[in-house]
Amino acid sequence: FCDGESTENAPCSPSEMDNMGIVNNDCECESVSCDFYKKDFDELMQLYEATDGENWINAGGWAEGKMGRSCSPCDFRKGYWYGVICEKGRVAKLDLDGHAGFNQIGFFGNGLVGEMPNIDLKGLKEIYIDGNDLTGNLPTFSNSLDLEILICSFNDLEGPLPNFTDFPNFRQFRGSYNNFLGQFPDLTSLD
């Protein structure tokens, strides 16, 4: 599993195992229960429910999670849930803009509607939610200190922007075609 790279806690599902597993520090696949993924699972289910997930255009894995058929966003049918990328067994990227390429060209949306909750995903680095029908204030993402990229254009978000200087690795924001209020945060310290 390791091939000289750090893959500890990455998902694995060898054919001799009926359930999911993670790579341990000896580079072997060991079985884990759903409790291992519970924190990220609960946060993603909060997002799914708050944004009318049952009517998303693509909800592969998410719908199965809601029905109790998948408890790991990082290990679903030998891959990830739609729009999710994991690193070391934790959600690192969310791309729910209708173009799951983890880039800036997804203006079509994925059918997310309503207010986006302030999800607590500690390993989250990138969020692409543009082109949806999200309303209300943009969450602060205060517990996602690894956040680097936030793309949320073409929604109906409002209110103040988060203080991006709270995220030491933050490097890119795109939020055009929303209704943000107040002063734009000082981003001169960002790369």
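The largest nonpolar core holds 37 residues, and Trp62, Leu94 and Phe141 touch the most other members. Here, a nonpolar core is a set of buried Ala, Val, Leu, Ile, Met, Phe, Trp, Tyr and Cys residues joined through side-chain atoms within 4.5 Å. Buried means under 20% relative accessible area, exposed over 50%, and partly exposed in between, with a 1.4 Å probe and protein chains only. At least two residues of this core come from each of α1 (38-50), β4 (84-87) and β5 (90-95), and α1 supplies the largest share, five residues. Helices (H or I, at least four residues) and strands (E, at least two) are DSSP runs, numbered from the N terminus. In soluble globular proteins, nonpolar side chains tend to be buried together.

This is a predicted model, in which local features need pLDDT of at least 70 and side-chain atom pairs count only at pLDDT 80 or more, while totals for chains, interfaces and linings use all residues. Residues are numbered from 1 along each chain as its sequence is written, and side-chain values use heavy atoms, leaving out hydrogens and water.

Beyond its neighbours within four places in sequence, Phe141 is in contact (heavy atoms within 4.5 Å) with Met116, Asn118, Ile119, Ile127, Leu147, Leu150 and Phe167.

Now to strand β11 (residues 172-174), where Arg174 lies. Arg174 counts as buried because its relative accessibility is 17%. Serine 176, in the loop between β11 and β12 (179-180), is partly exposed because its relative accessibility is 34%. Not counting residues up to four places away in sequence, serine 176 touches Ser153 and Phe154. Serine 176 and aspartate 156 are 20 residues apart in sequence and 10.0 Å apart in space, C-alpha to C-alpha.
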